[in-house]
Amino acid sequence: MEIELNTIIDGVQDKMPHLSTRAELEAYKATILGPNGAMTAVMKSMGQVPKDEKPAAGKLINKAKSSVVTAFNEVMQRIEAGEMATRLGPSIDPSLPSPDLDRGTLHPISQVREEMVQLFSKIGFSVAEATEIETEHYCFDALNIPADHPARDMQDSYYLPDQLTVANVEKHADEKYLLRTHTSTVQIRTMLESKPPIRIIAPGRCFRRDTPDATHSANFHQIEGLYVDEHVSLLDLKATLDYFVKTIFGPKAKTRLRPSFFPFTEPSFEMDFYSPDLGKLSNKWLEIMGCGMVDPEVFKSVDIDPDRFTGYAFGMGVERIAMILQGVDDIRYYYQNDVRFLEQFA
Ligand code: PHE
């Protein structure tokens, strides 16, 4: 009997790989387990087995039957998986990118902002942020810009209605909210929150009531820098700006500071740079930022002792840097969302 059973099992094992449809499986199964099947025949022959051999024979048969049933189940699973695959169509690789979807990239302004943040973070500057809606105090007064200063003129600032309240920006009754005109507001907010040493850059969006043209936009971006500690000198400012310009415009670039005026720095400068490798803009001094040593009046407004601490600050337009780097001659391209323009910087 054992030999018969082993023959059946071997036969099933041999047949398994050749069964590829349900019908084939069912037909073959009938020849083993059906009423006239080989296994059924062996089971029927149990009647002739002497009584004392019956338990052993029964065990053998059960074992053989369960191995055959397991084999048939395996075949069934394989057939079902095959049917499913046929229904699903050809196999796909879900890790491949979609063939018809264009990949987006960072906006060219964001790319330049990221590059600038990276290079300043390498020399110890961390990123600080503040709100785009500001109060007159943070945008002007605390920065030593008096009420009659031209920058406060209705002509170049977006003031918000008096009845508006902005939950996260505290305002005194006698002042107005406005959209910040520069990121210098972040200098004040940072110096109020933390004590020196302070070394931050503040990238962010600013707004001015400008008539748009090739170099002006009512909404634009700046990066502010502020370093406050004991013994910070003009030399530190110049060295930092040299590093910035050489890193972003190449090692042959040169910088120069030209005397200027900002109410919140003293002395104040415009920084120009010059590079022999800038295409059409080569070998010309180009003005790219305002900077200077933090005015003691500003320190007083944030309760930092001007006799103990000194600092420098700078602020520049991200669009201006981007236009020079990317050879773009009209700032408006950056805001038109024309893919033909944007994809050149992908
Ligand atoms: N906030 C000035 C501007 O928008 C730039 C500036 C920043 C100048 C910091 C000096 C120091 O023009």
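## Overall build

The protein has 11 helices and nine strands. Its radius of gyration is 40 Å, well over the 20 Å that the globule rule gives for 346 residues, so the protein is more spread out than a compact globule. This is a predicted model.

The C-alpha atoms fill a box of roughly 120 × 45 × 45 Å along the principal axes.

## Two domains

The protein is divided into two parts. Domain 1 covers residues 2-88, and domain 2 covers residues 110-345. Taken over C-alpha atoms, the centres of domain 1 and domain 2 are separated by 82 Å.

## A helix pair

Two packed helices are described by the angle between their axes and the distance between the axes. Take helix α5 (residues 108-121) and helix α10 (residues 318-326). Their axes come within 9 Å and cross at roughly 100°. Angles of 65 to 115 degrees count as roughly perpendicular, and α5 and α10 are therefore roughly perpendicular to each other.

On the α5 side, Pro108, Ile109, Val112 and Arg113 make the contact. On the α10 side, the residues are Val318, Glu319, Ile321, Ala322, Leu325 and Gln326. Seven residues of this contact are nonpolar, one is polar and two are charged.

## Around the ligand

Which residues are around the ligand? They are His182, Ser184, Glu224, Phe262, Thr265, Gly290, Cys291, Gly292, Ala313, Phe314 and Gly315. Two elements, β8 (286-294) and β9 (310-317), each give two or more residues to this shell.

The shell around the ligand has four nonpolar residues, six polar residues and one charged residue.

Terms used. Residues numbered from 1 in each chain as written. Predicted model: local features only at pLDDT ≥ 70, side-chain atom pairs only at ≥ 80, totals over all residues. Near = placed C-beta within 6 Å. Helix = DSSP H or I, 4+ residues; strand = E, 2+ residues; numbered from the N terminus. Nonpolar A, V, L, I, M, F, W, Y, C, P; charged D, E, K, R; others polar. Axes fitted to C-alpha atoms, helices over the stretch in contact; angles between N-to-C directions. Parallel < 35°, antiparallel > 145°, perpendicular 65-115°, else oblique. Contact = placed C-beta atoms within 7 Å. Domains from an automatic or database assignment. Rg over C-alpha atoms; globule rule 2.2 N^0.38 Å.
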